[in-house]
Structures are given as structure tokens and as C-alpha cells.
Amino acid sequence: MIEISKTAQAYLCELLAKQDHKDVGIRVFVTQPGTAQAETCIAYCRPGEEQSDDVPVAYDGFTAWIEKRSEPYLEGGVVDF
């Protein structure tokens, strides 16, 4: 699973606190996985925008929804700030 450092968590909490909805989290996924055009993405995730097979990971102040099909490509990854 991807790791989100404490400093990145604090930064994300600051960004999320500025959103209109208090329960906004993040969604982490890979576009075009397994190709040379693959990109790791972090997007705001309002309640109800998560996918049914996303894996929720609770952090202090927010939830990160990890796309299930992207998990193998995120293994060992680190989000840092």
C-alpha cells in the first residue's frame, strides 16, 4: 500500500479544511497503469464519489480512498511534502 508521510498528511488536512464539505477526503489512483503513460493521481473525494471497491484508509483528519485496481502499482510508493 502507498504511504503518506506525516508532513504530507498535515498538508492534505490543510487543503481539505478549505473545501466546502467537511467530510472531503482524497482518492488515490493510477491512470493508464502498466503503460509508459501511467500517472499517479490524488484527487479530492467528496462523500459518495468513492468507488464501491476502493479501499478506505483512515488518517488523522481525513480518509484516503485507494483504487483497488491501482493497488499493485502503488505498492511501495510514498507521498511526501
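Predicted model: local features only at pLDDT ≥ 70, side-chain atom pairs only at ≥ 80, totals over all residues.
Local features are reported where pLDDT is at least 70 and side-chain atom pairs where pLDDT is 80 or more, while totals for chains, interfaces and linings use all residues. Residues are numbered from 1 along each chain as its sequence is written, and side-chain values use heavy atoms, with hydrogens and water left out.

Helices (H or I, at least four residues) and strands (E, at least two) are DSSP runs, numbered from the N terminus. An open sheet of 4 strands is arranged in the order β3-β2-β5-β4, and its pairing is mixed; two strands are taken to pair if DSSP finds at least two bridges between them. Because β3 and β4 each have a single partner strand, they stand at the edges, and one side of each is left without a neighbour in the sheet. On average, neighbouring strands of this sheet are turned by 25° against each other, direction ignored.

The pairings can be followed across the sheet. Strands β2 and β3 run antiparallel and are joined by 7 bridges; Gly25 has Cys45 in β3 as its bridge partner. The pairing of β2 with β5 is parallel and extends over 3 bridges, with Arg27 bridged to Trp65 of β5. Between β4 and β5 the sense is antiparallel, with 5 bridges, and Val55 finds its bridge partner in Ile66 of β5. These two strands, β4 and β5, form a hairpin with 2 residues between them, and Gly61 in the turn has a positive phi of about 105°.

Helix α1 comprises residues 6–17, which are 12 residues, and reaches 16 Å from its first C-alpha to its last, close to the 16 Å expected at 1.5 Å a residue; the expected span is 1.5 Å times one less than the number of residues. An α-helix has 3.6 residues a turn, so residues three or four places apart point the same way.

Ala10 lies in helix α1 and is partly exposed, because its relative accessible area is 41%. Its C-alpha atom is separated by 19 Å from that of Arg46, 36 residues apart along the chain. Glu67 is placed in the loop between β5 (62–66) and α2 (71–74). Since its relative accessibility is 12%, Glu67 counts as buried. The side chain of Glu67 makes a polar contact with the side chain of Ser70 at 2.4 Å; such a contact is a pair of N or O atoms within 3.5 Å, and within protein one must be able to donate a hydrogen and the other to accept it, with residues adjacent in sequence counted only if both atoms are side-chain atoms. Leaving aside neighbours within four places in sequence, Glu67 is in contact with Arg27, Val28, Phe29, Val30 and Asp54.

Terms used. Buried < 20%, exposed > 50% of the residue type's maximum accessible area, 1.4 Å probe, protein only. Contact = heavy atoms within 4.5 Å. Axes fitted to C-alpha atoms, helices over the stretch in contact; angles between N-to-C directions.
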